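Please keep the sequence and the structure in view while reading.

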Amino acid sequence: MNRKNIVLEHSLQQAIKIYSNADDASVYVANKIAQIIKTKQEKGNLAVLGLATGSTPKGVYKELVRLHQSEGLSFQNVVTFNLDEYYPMHPVEDQSYVSFMKHNLFNHIDVPKNQIHIPDGTLELNAIQAYCDLYEKKIADFGGLDMQLLGIGRSGHIGFNEPGSLQGSMTRLVQLDDITRKDAADDFGGAEHVPTQAITMGIQTIVQAKQIFLLALSERKAEIIKKALKGEISPEVPATFLQQLEHVEYVLDQKAAALL
Ligand code: GLP
């Protein structure tokens, strides 16, 4: 191993936090997010949070709701941008990420509704690119994301940046990978009913966040976590682009970390 590799290996070890169970990992991330919100509150500033969906962040949201309901954490100064949404998708559908976010977080906290942003799955095809450019502009106008929460798909995706996504990619319409559609099959009553497309923030949008937490839980993620953290940096596993960053923490339970 040459010196450069040793340095990289050392900083990677520092970036990995392994917890004995999913609840402890989730509480750690929730506390980090709460700290960002409170620090911004003290200065009278907005906290701009990039949020994720999927089963993985549910425990983080549960703890944030608890902090709001039992410990008085306010979300009045919070602005949110979700990573992605299926396309086409109507917000009232059970499978929409709008429904997911309401059910798991927004309905239970005091974040002002006009400070919530989730990609719109109802647009006409020819209106999507302008909408995506505006999504980027809105994030930039708020001063960028203070934090981005990420899960990871078994295809190696972050957001819906599937294999083949470029490092410089921005918010856009993408095709979903077969593995991703298979993993979403239960939610839609069969893989054939899962939309084939989605709107997602790009890799570039994500890496610009000031702090990134990638959360991975359970043995289902062990293999892709090994590739994402230790594999060669490549568009074939989009999560590998995070290896180049210093402001990312990989928060894992022991099962997801099993192959590291
Ligand atoms: C979806 C989301 C991703 C998420 C992934 C993993 O595809 N768009 O942002 O990371 O699912 O899902 P889960 O956490 O359920 O394993």
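## Lysine 182

Lysine 182 is found in helix H6; here helices (H or I, at least four residues) and strands (E, at least two) are DSSP runs, numbered from the N terminus. With a relative accessible area of 60%, lysine 182 is exposed. The terms of burial are set as follows: buried means under 20% relative accessible area, exposed over 50%, and partly exposed in between, with a 1.4 Å probe and protein chains only. Lysine 102 lies 80 residues from lysine 182 along the chain, and the C-alpha atoms of the two are separated by 24 Å.

## Basis of the model

This is a predicted model, in which local features need pLDDT of at least 70 and side-chain atom pairs count only at pLDDT 80 or more, while totals for chains, interfaces and linings use all residues. Residues are numbered from 1 along each chain as its sequence is written, and side-chain values use heavy atoms, with hydrogens and water left out.

## The sheet

Seven strands form an open sheet with parallel pairing, in the order E1-E10-E9-E6-E2-E3-E5. Two strands pair if DSSP finds at least two bridges between them. Strand E1 (16-19) and strand E5 (116-117) are the edge strands, each pairing on one side only.

Strand E10 (residues 248-253) is mostly covered, with six of its six residues buried. In a regular strand the side chains alternate between the two faces of the sheet. In E10, Val248, Tyr250 and Leu252 point one way, whereas Glu249, Val251 and Asp253 point the other way. E1 and E10 run parallel and are joined by four bridges; lysine 17 has valine 251 in E10 as its bridge partner. Five bridges pair E9 with E10, also in the parallel sense, and phenylalanine 213 has glutamate 249 in E10 as its bridge partner.

Why is E2 described as largely enclosed by the rest of the structure? Five of the five residues of E2 are buried, so the strand is largely enclosed. Ala47, Leu49 and Leu51 point one way from E2, and Val48 and Gly50 point the other way. E2 and E3 run parallel, joined by five bridges. Alanine 47 stands opposite valine 78 in E3, and valine 48 stands opposite valine 79 in E3.

## Helix H3

Helix H3 (residues 58-71) has 14 residues and should span 20 Å at 1.5 Å a residue; its end C-alpha atoms are 19 Å apart, which agrees. The expected span of a helix is 1.5 Å times one less than its number of residues.

The buried residues of H3 are Val60, Tyr61, Glu63, Leu64, Val65 and Leu67. An α-helix has 3.6 residues a turn, so residues three or four places apart point the same way. The cover over the buried residues of H3 includes helix H2 (22-42), E2, H4, strand E6 (147-150) and strand E9 (212-216). Just after H3, glycine 72 takes a positive phi of about 75°.

## Pocket and cavity

The largest pocket holds about 750 Å³ of space. Of the 34 residues that line the largest pocket, Thr53, Gly54, Ser55, Tyr97 and Asp187 are the closest to its centre. On a 1 Å grid over the protein atoms alone, a cavity is a set of points where a 1.4 Å probe fits but cannot get out, and a pocket is an open set with protein on both sides within 12 Å along at least five of seven lines; lining residues have an atom within 4 Å of a point. Grid points are joined across faces, edges and corners, and a volume is the space filled by probe spheres set on the points. H4 gives the most to the lining of the largest pocket, with five residues.

One cavity of 30 Å³ or more is found in a search of the whole structure, and the largest cavity has about 40 Å³ of space. Its lining includes Leu49, Leu51, Leu64 and Val78. Strand E2 (47-51) and strand E3 (78-82) each supply at least two residues of this lining.

## Backbone details

Tyrosine 87 and proline 88 are joined by a cis peptide bond, with omega about -5°. Proline 88 lies in the loop between E4 and H4.

Serine 218, in the loop between E9 and helix H9 (222-230), has a phi near 85°, a positive value in a residue other than glycine. Serine 218 is partly exposed, with a relative accessible area of 22%.

How values were computed. Contact means heavy atoms within 4.5 Å.
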